[in-house]
Amino acid sequence: MAVFLKAAEIQSVPRGQGKKFNVGGKHIALFNIDGTYYAIDDTCTHKGGPLSEGKIEGSNVTCPWHGSIFDVRTGEESKSKNGIFFFRPKPHPH
Ligand code: FES
């Protein structure tokens, strides 16, 4: 059974940007891609870089430390197909 935890107010993540949140003791990177929100683990699988601080192009985020690229929609790394855990953000009615 899915568990939903409040992560953020949607206004706090502008279009085309990512931001880190601590949700349930985990560092989560939340991205706003053209008004759709995606959440993945903030920790890069290579050496732990903060993906929330990476450059976003389309649905891809580039790790700011060494350049690994992840698709924020799936958590998959674009080259190796190794992935990171991804989450399905759910808007919460106020
Ligand atoms: S820590 Fe992300 S590419 Fe190295």
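**Exercise 1.** Which residues of the largest nonpolar core touch the most other members?

*Solution.* Start with the model: it is predicted, local features need pLDDT of at least 70, side-chain atom pairs count only at pLDDT 80 or more, and totals for chains, interfaces and linings use all residues. Residues are numbered from 1 along each chain as its sequence is written.

A residue is buried if 20 or more other C-beta atoms, placed from the backbone, lie within 10 Å of its own. A nonpolar core is a set of buried Ala, Val, Leu, Ile, Met, Phe, Trp, Tyr and Cys residues joined through C-beta atoms within 7 Å.

The largest such core has 15 residues, and Ala29, Leu30, Phe31, Ala39, Ile40, Leu51 and Val72 touch the most other members. At least two core residues come from each of β2 (26-33) and β3 (36-41). β2 gives the largest share, four residues.

**Exercise 2.** State how many helices and strands the protein chain has.

*Solution.* Helices (H or I, at least four residues) and strands (E, at least two) are DSSP runs, numbered from the N terminus. The protein chain has zero helices and seven strands. Its pattern along the sequence is therefore β-β-β-β-β-β-β. Of its 94 residues, 24% are buried.

**Exercise 3.** Describe how β1 is joined to β2.

*Solution.* Two strands pair if DSSP finds at least two bridges between them. Strand β1 (residues 18-23) and β2 run antiparallel, joined by six bridges. Glycine 18 has phenylalanine 31 of β2 as its bridge partner. Two residues lie between the strands of this hairpin, where glycine 24 takes a positive phi near 60 degrees.

Notes: Buried ≥ 20, exposed ≤ 12 C-beta atoms within 10 Å, placed from the backbone.
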